[in-house]
Amino acid sequence: MNKQKVVLTHWVHPEIVEMLQEKTDVVANLSRKTFTRDELLERAAAADALMAFMPDCIDEDFLKACPKLKVIGAALKGYDNFDVKACTERGVWLTIAPDLLTIPTAELTVGLVLAITRNMLEGDRHIRSGQFNGWRPELYGLGLHKRTAGIIGMGFVGKAVAERLKGFGMDILYADQSPLSQEEERELGLTRTGLPQLMHSSDVVIPLLPLTEQTFHLFDKDILGQMKQGSYLVNACRGSVVDEKAVVHSLKTGQLAGYAADVFEMEDWIRSDRPREIPQELLDNTAQTFFTPHLGSAVDEIRIEIERYCATSILQALAGDIPDGRVNDIR
């Protein structure tokens, strides 16, 4: 009896490949590179299942070209690159890893806050330049103690970030359409407020939102202009929540003192008009920016757990069971 075919669009840990090979025929991407769409379609045309990742864009045309697909196990949390409606209409399960990315993403977010407010990149460059001769009164930054952080979106990651920033002695405002309970607000030291007040009052603003029609370029020139003069913006959710060209302008005027990001507009493959590169003016501005290459969940043991969760959901669906982490229902 032929085994069902599973295609892994990106490199995964060998133990996860072995786990899938026990019950399926695995086509693995053994490189650390992303397949082109044509390369992926060539491998996936006869696939029963797909383990997909952030760079993959699964739309109706892709699904039409892969008529045997039963399940797409997405090793991620934000799934705006995947057409849920098309999957459902074609009887394809779509699953994600709903909460395994929370803690590592929150940790990295706090790291971005520290890096941009304390001029860590500039300090590192200064040391390596050979010009460091000991302490000098320079590169003074922003301390977090008794400062105000504004978090937009108080889901799992928002709560985890708030819990960590509370340890720095920060006052924390949050804006969310769905308020937390008074008990949760009290435990995390949160104050709920409207977006305009949050923008005006916060020293550090942190959006933690999915990418939707409503959140696309939420941080445009107008909204950035409402921020406290000399404040910082930290983006670890989705690149296109922020208008990067507007950020360039705000950094030039001094409205923003700094911008740190782990995500970029060029990564949002679902956008047909997405930029193909990060604005050069942002890359050149090393004094006011700090960037990491989408490292939110890049913790080895966490990635193994995400892949294992994803592989389990694939095997469940291929066995005819309802998979864990599903975001649609094809029953």
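## A helix across the sheet

In this predicted model, helix H2, which covers residues 37-44, lies across strand S1 (5-8), strand S2 and strand S3 (49-52), and the helix runs at about 160° to S1.

## The parallel sheet

The open sheet is formed by five strands, arranged in the order S2-S1-S3-S4-S5, and their pairing is parallel. Strand S2 (25-28) and strand S5 (93-95) stand at the edges with a single partner strand each, so one side of each has no neighbour in the sheet. On average, and with direction ignored, neighbouring strands of this sheet are turned by 15° against each other.

In general, the strands of a sheet pair through backbone hydrogen bonds, in either a parallel or an antiparallel manner.

## Cysteines

How many disulfides does a search of the whole structure find? The search finds zero. Cys66 is in no disulfide, and the nearest cysteine sulfur, which belongs to Cys87, is 11 Å away, whereas a disulfide would need the two sulfur atoms within 2.5 Å. Cys66 is also buried, with a relative accessible area of 2%.

Cys237 is likewise in no disulfide, the nearest cysteine sulfur being that of Cys57, 19 Å away. With a relative accessibility of 12%, Cys237 counts as buried, because the cut-off for that class is under 20%.

Note on methods: Residues numbered from 1 in each chain as written. Predicted model: local features only at pLDDT ≥ 70, side-chain atom pairs only at ≥ 80, totals over all residues. Heavy atoms only, no water. Pairing = 2+ DSSP bridges. Helix = DSSP H or I, 4+ residues; strand = E, 2+ residues; numbered from the N terminus. Axes fitted to C-alpha atoms, helices over the stretch in contact; angles between N-to-C directions. Contact = heavy atoms within 4.5 Å. Buried < 20%, exposed > 50% of the residue type's maximum accessible area, 1.4 Å probe, protein only.
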